[in-house]
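Subject: Structure handover

Hello,

Please find the structure below, with the sequence. My notes on what was found in it follow.

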Amino acid sequence: MPIAAAIAALALLLTACGGDKAAVDPPAPTLDRFYNQQLAWGSCESYQGGKELPAHGIECARVRVPIDYGKPDGATAEIAISRLRATGTRVAALLTNPGGPGVPGLTMPLGLAKSPVAERFDVIGMDVRGLGASKPHVRCRTATEYQSDRRVLNRTDPLVEIDQIEEENEEYANSCGSRTGLELLGHVGTGDVARDMDVIRAVLGERKLTYFGGSYGTRLGSTYAELFPDRVRAMVLDAAVDPTTNIGDDVITAAGFQQAFDAYAADCAKAPDCPLGTDPKKSTEAYRALVLPLIKHPIRTQDRRALDYSAATTATISLLYHPDSWPSLTRGLAELAKGRGEAMLGDAGSYQEVSSDDVHRAVLCLEEVRVTDRATAADIDRRSRSAAPIFDDGLANAEAPLGTCAFWPVPPTAQPHPPAVPGLPKVVVVAVTGDPATPYAGGVKLAKSLGAALITYEGTQHGAALEGIACVDEPVLKYLTDLTPPADGLRCAKP
């Protein structure tokens, strides 16, 4: 996979006047100072998002890395990491990533504190470069700008609307470049983060990496394997991203969430008071009848905010990730049917606060196959609507606006591809048959590419490992602990 940039050639020092000394190359800058640095563990209280961690025995530190690995003597960044020490006989440090791209991971050890891995492993969390407690940040918008959606949703003049959206997308891209700086913006991709992971491995004193990554974290894991195959001890990749497609492929993702919605609607229909009715076949139509009016008539809440169509869609997506959230979706839709929007607006807000949208977009723009003509954009839009009629706002046009990445100020640094890693130790991929965000087929592809053992979990949720599901967690823990992989093709479901 392409990475940040090649090491710059050094100019030869010229001999002094008189010419009796041979020309000498200056020593090339190396990465030694990063790999040999000493960590200063301390309280997480001053770290962004880390205030609650000290009470749970979690400590934090910062790891210095080059922004551009091709320029080891250039500008640097600080990666914030956290550690929950093993409570029992320690096997290794387990580096983790929750996904995204753009989700902070500093608090991940807290989420895994009651998992069996916390007994045998030092659980390590990290905020990847550009976000959270790491420095510097990717900055594209202020908080006020983030909350303000200036797009006109009522398309009375479609071409003017398309022009306006493209203008705003270009403004956003330019703002990312000017506020972040092109050097950092061009080096927040998966390849650079994977290199950061290797520095973290080294400064933790680990000869080889033990890693658990979920969702986009699986792309990080497979990229690390490509770059450093001889430094992998064990790797569990849960809710795998299809390596052959864009990380956020619109059509594939749309189909996944439609499938999850259908499963939710079938469950909801068992109750006589389901806000979508008791016939699952009519659930998409019933849902659209509730949310489409919000395009022109947002609902004002008691605190003077507004639930518009975009917020309702965001809340729905966030609540379809796991069956545990389905009751909240039912509650929000029931309120919406009564003309109220507090519950759904709260769910949309909490989802947005968790995700660092600017880093998310920055990584996608560095690694997507970019769409640069409206006809292609319109075709993707049409296929997405067909794959997920639940999210069809009824405003399709013959043309569609170009997205942010078409105007991105730095070139791509990677493209989707099946990883080929000869000699890679056995790794494990976990895939869920009804995963809404990273559909099952992508996990199958990744497992095949890496020669990994595949654990299939039959259910409707995003990821299944280390969530208390015994038929998944037991083989995963055994593999991480003693490197005994599960039998390929293991398949299970919750009793």
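Helices (H or I, at least four residues) and strands (E, at least two) are DSSP runs, numbered from the N terminus. This is a predicted model, in which local features need pLDDT of at least 70 and side-chain atom pairs count only at pLDDT 80 or more, while totals for chains, interfaces and linings use all residues. Residues are numbered from 1 along each chain as its sequence is written, and side-chain values use heavy atoms, with hydrogens and water left out.

Ser384

Ser384 lies in helix H15. With a relative accessible area of 13%, Ser384 is buried (under 20% relative accessible area; exposed is over 50% and partly exposed is in between, with a 1.4 Å probe and protein chains only). Apart from neighbours within four places in sequence, Ser384 is in contact (heavy atoms within 4.5 Å) with Asp250, Val251 and Ala254.

Helix packing

Helix H9 (residues 250-268) packs against helix H12 (residues 326-337) at an angle of about 75°, the axes being 11 Å apart. Axes here are lines fitted to C-alpha atoms, for helices over the stretch in contact, and angles run from 0 to 180 degrees between N-to-C directions. H9 is therefore roughly perpendicular to H12 (65 to 115 degrees; under 35 counts as roughly parallel, over 145 as roughly antiparallel and the rest as oblique). H9 contributes Ala260, Ala263, Tyr264, Asp267 and Cys268 to the contact, and H12 contributes Trp326, Leu329, Thr330 and Leu333. By class, these are seven nonpolar, one polar and one charged (Ala, Val, Leu, Ile, Met, Phe, Trp, Tyr, Cys and Pro count as nonpolar, Asp, Glu, Lys and Arg as charged, and the others, Gly among them, as polar).

Helix H7 (residues 190-203) and helix H8 (residues 216-227) have axes that come within 9 Å and cross at roughly 70°. H7 is thus roughly perpendicular to H8. The contact of H7 with H8 has seven nonpolar, three polar and four charged residues.

Salt bridges

The count of salt bridges (a side-chain nitrogen of Lys or Arg within 4 Å of a carboxyl oxygen of Asp or Glu) comes to 25.

- Arg90 pairs with Asp122, with the closest N and O atoms 2.7 Å apart. Arg90 is partly exposed at 40%, whereas Asp122 is buried at 7%.
- Asp357 pairs with Arg141, with the closest N and O atoms 2.9 Å apart. Asp357 is buried at 18%. Arg141 and Asp357 also belong to a salt-bridge network with Asp358 and Arg361.
- Glu399 pairs with Arg374 at 3.7 Å, N to O. Glu399 is partly exposed at 32%.

Nonpolar cores

A nonpolar core is a set of buried Ala, Val, Leu, Ile, Met, Phe, Trp, Tyr and Cys residues joined through side-chain atoms within 4.5 Å. The largest has 103 residues, of which Ile81, Trp408, Val430, Val472 and Leu480 touch the most other members. A second, separate core has 33 residues, including Leu307, Trp326, Leu333 and Leu336.

Regards
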